[in-house]
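Q: Please go through this protein with me, setting each term against the rule that defines it.

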Amino acid sequence: MDVDDRYEVPIRDDVIRLGQFLKLANLIESGSEAKEVIGDGLVRVNGEVETRRGRQLSVGDVVEIGGVGARVVAEP
């Protein structure tokens, strides 16, 4: 994935859980969908498959699903 294909999603706190971030970034529609796509190994964090919905993401992490990527950034 090219750097230009990612968009930035600001978070309020220092960390956010992967399932919450997927919803915040509009990459999925619900928590049950998050559980399914993460469990099926369809989500990558920083280029590696992630199967833990509770994975803590920090500013700078990149989440990819279905060819779409979103980078975690600090809220201004």
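A: Helices here are DSSP runs of H or I with at least four residues and strands are runs of E with at least two, both numbered from the N terminus. By that rule the protein has two helices and seven strands, which follow one another along the sequence as β-β-α-α-β-β-β-β-β. The model is predicted, so local features need pLDDT of at least 70 and side-chain atom pairs count only at pLDDT 80 or more, while totals for chains, interfaces and linings use all residues. Residues are numbered from 1 along each chain as its sequence is written, and side-chain values use heavy atoms, with hydrogens and water left out.

Q: Which bridges show that the pairing is mixed?
A: β1 and β7 (residues 68–74) pair in the parallel sense over six bridges, with R71 in β7 as the bridge partner of E8. By contrast, β6 and β7 run antiparallel and are joined by four bridges, and I65 stands opposite V68 in β7. Three bridges join β3 to β6, also antiparallel, and V63 in β6 is the bridge partner of V45.

Q: Why is V37 called buried?
A: Buried means under 20% relative accessible area, exposed means over 50%, and partly exposed lies in between (1.4 Å probe, protein chains only). V37 has a relative accessible area of 11%, so it is buried; this residue lies in helix α2. Contact means heavy atoms within 4.5 Å, and, leaving aside neighbours within four places in sequence, V37 is in contact with L22, I28, L42, V43 and I65.

Q: How do you know that both faces of β6 are covered?
A: V62 and E64 on one side and V63 and I65 on the other are all buried. In a regular strand the side chains alternate between the two faces of the sheet.

Q: What makes a set of residues the largest nonpolar core here?
A: A nonpolar core is a set of buried Ala, Val, Leu, Ile, Met, Phe, Trp, Tyr and Cys residues joined through side-chain atoms within 4.5 Å. The largest such set has 19 residues, and those with the most contacts inside it are L18, F21, L22, V43, L57 and V63. At least two residues of this core come from each of β1, α1 (18–24), α2 (31–39), β3 (43–45), β6 (62–65) and β7. Beyond its neighbours within four places in sequence, F21 is in contact with residues including V9, I11, L57 and V63.

Methods. Two strands pair if DSSP finds at least two bridges between them.
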